[in-house]
Amino acid sequence: TPDVISKDPLMLYPGNIQGRHIHEDGPRGCYLITVDADQKTSYEFKPVQNIVWKCEEVNIEKTSTLLELVDLLSDRSEEGLANLTNGEKGIVTRWRLTGSSPLYHELTISDKVEEVKEILIERFFTQSPFMFPETIRLSVKPVLERSEFLSQESFITDFLRLAERGKDDNQLKTELLGMLNQPLSNRMIRKYCTEKNERELLEILEES
C-alpha cells in the first residue's frame, strides 16, 4: 500500500503497481518526484493499475425485495465505473451487506445471493470497462428488536446477555479466545487455521 514514511527526510513507499487480489484494494501505482532548482522536493501519487479491487459495505435496511437489492448494487456498480479516471479496464468488487433487513431469511437460507451475483455478472462483466462481483458477503440481521429478546426468558436471551458481557469482561474474553483457539493445538489444524484475536472474537459475537 502506498505510504509516506517520513516527510523530513522524505521517504516514500510506493507499494505495487497493480493489486493482485481483494486484500490489495484501492489505487496502486508510483510516486512522481520533482526536485526544483532550489532542491525543494515535491511528490504526487500516480495510479497506474489496470484493474481496481474494491471492498464496499452496503446497508440494506431499506431494501425489501431481491429486485431492489439488484438495483441498489447496480447503482453502486455504475457509480464506481463512472468514477474511473485512469483508463482502467475494470473493477473487481467484494460487497458486504449489512443492516437489519427484511431480506435476512431469504438471503441466509437460500441461494439467492448467487442469483443476485449472476445477474450482476451478466449485466456488467461484458461491458468495457467491466465490473465483476468477486463475492457478496452477508453481515445482515433479522428485523427484530434486541430489546424485545432481552425482556424475555429464553436461550436467545441468555446468549445475548452473555455476548454483551463478552464485549467488556476481560476474563470472559480470555476464556472464549481459549475455546476458539484450542483446536490449534493440533498440528494439522494449524496448517489451515490462524489464531483468533480479540477483534475477531467481538466480530464473531456480533454476528452470532
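**Strands, salt bridges and spaces**

Reply: Val 58 has Leu 97 in β6 as its bridge partner. Please note that this is a predicted model, in which local features need pLDDT of at least 70 and side-chain atom pairs count only at pLDDT 80 or more, while totals for chains, interfaces and linings use all residues. Residues are numbered from 1 along each chain as its sequence is written, and side-chain values use heavy atoms, with hydrogens and water left out.

Me: In which sense do β5 and β6 pair, and over how many bridges?

Reply: The pairing of β5 and β6 is parallel and runs over 9 bridges. Two strands are said to pair if DSSP finds at least two bridges between them. Strands here are DSSP runs of E with at least two residues, and helices are runs of H or I with at least four, both numbered from the N terminus.

Me: What is the strand order in the open sheet?

Reply: The order is β5-β6-β7, an open sheet of 3 strands with parallel pairing. β5 and β7 are the edge strands with a single partner each, so one side of each has no neighbour in the sheet. From one strand to the next the twist averages 15°, where axes are lines fitted to C-alpha atoms and angles run from 0 to 180 degrees between N-to-C directions.

Me: What joins β1 to β2?

Reply: A hairpin does, through 2 residues. Strands β1 (residues 3–7) and β2 (residues 10–13) run antiparallel and are joined by 4 bridges. Within that pairing, Asp 3 has Tyr 13 in β2 as its bridge partner.

Me: Turning to charges, how many salt bridges are there?

Reply: The count is 14 salt bridges. The criterion is a side-chain nitrogen of Lys or Arg within 4 Å of a carboxyl oxygen of Asp or Glu.

Me: Which parts does the salt bridge of Glu 56 and Arg 76 tie together?

Reply: The side chains of Glu 56 and Arg 76 meet at 3.0 Å, N to O. Glu 56 is in strand β5 (residues 51–59) and Arg 76 is in helix α1 (residues 66–82), so the pair ties together parts that are 20 residues apart in sequence.

Me: Is Glu 56 buried or exposed?

Reply: Glu 56 is buried, at a relative accessible area of 17%. Arg 76 is partly exposed at 27% relative accessibility. Buried means under 20% relative accessible area, exposed over 50%, and partly exposed in between, with a 1.4 Å probe and protein chains only.

Me: And which residue forms a salt bridge with Glu 44?

Reply: That residue is Lys 46, with the closest N and O atoms 3.6 Å apart. Glu 44 is partly exposed at 41% relative accessibility, and Lys 46 is partly exposed at 33%.

Me: Which residues are linked in a network of salt bridges?

Reply: The network links Lys 141, Glu 164, Lys 167 and Glu 206. Within it, the side chains of Glu 206 and Lys 167 meet at 3.4 Å, N to O. This pair links distant parts of the chain, 39 residues apart: Glu 206 is in helix α8 (residues 198–207) and Lys 167 is in the loop between α5 (155–166) and α6 (170–181). Glu 206 is partly exposed at 29% relative accessible area, as is Lys 167 at 30%.

Me: Which lining residues lie nearest the centre of the largest pocket?

Reply: Of its 31 lining residues, Val 140, Lys 141, Glu 206, Glu 207 and Ser 208 lie nearest the centre.

Me: Finally, which residues line the largest cavity?

Reply: The lining consists of Lys 54, Glu 56, Arg 76, Ser 77, Gly 80, Ile 91, Thr 93, Trp 95 and Met 131. The largest cavity holds about 30 Å³ of space, and β5, α1 and β6 each supply at least two residues of its lining.

Note on methods: 1 Å grid on protein atoms, 1.4 Å probe; cavity = no way out; pocket = protein on both sides within 12 Å on 5 of 7 lines; lining within 4 Å. Points joined across faces, edges and corners; volume = space filled by probe spheres on them.
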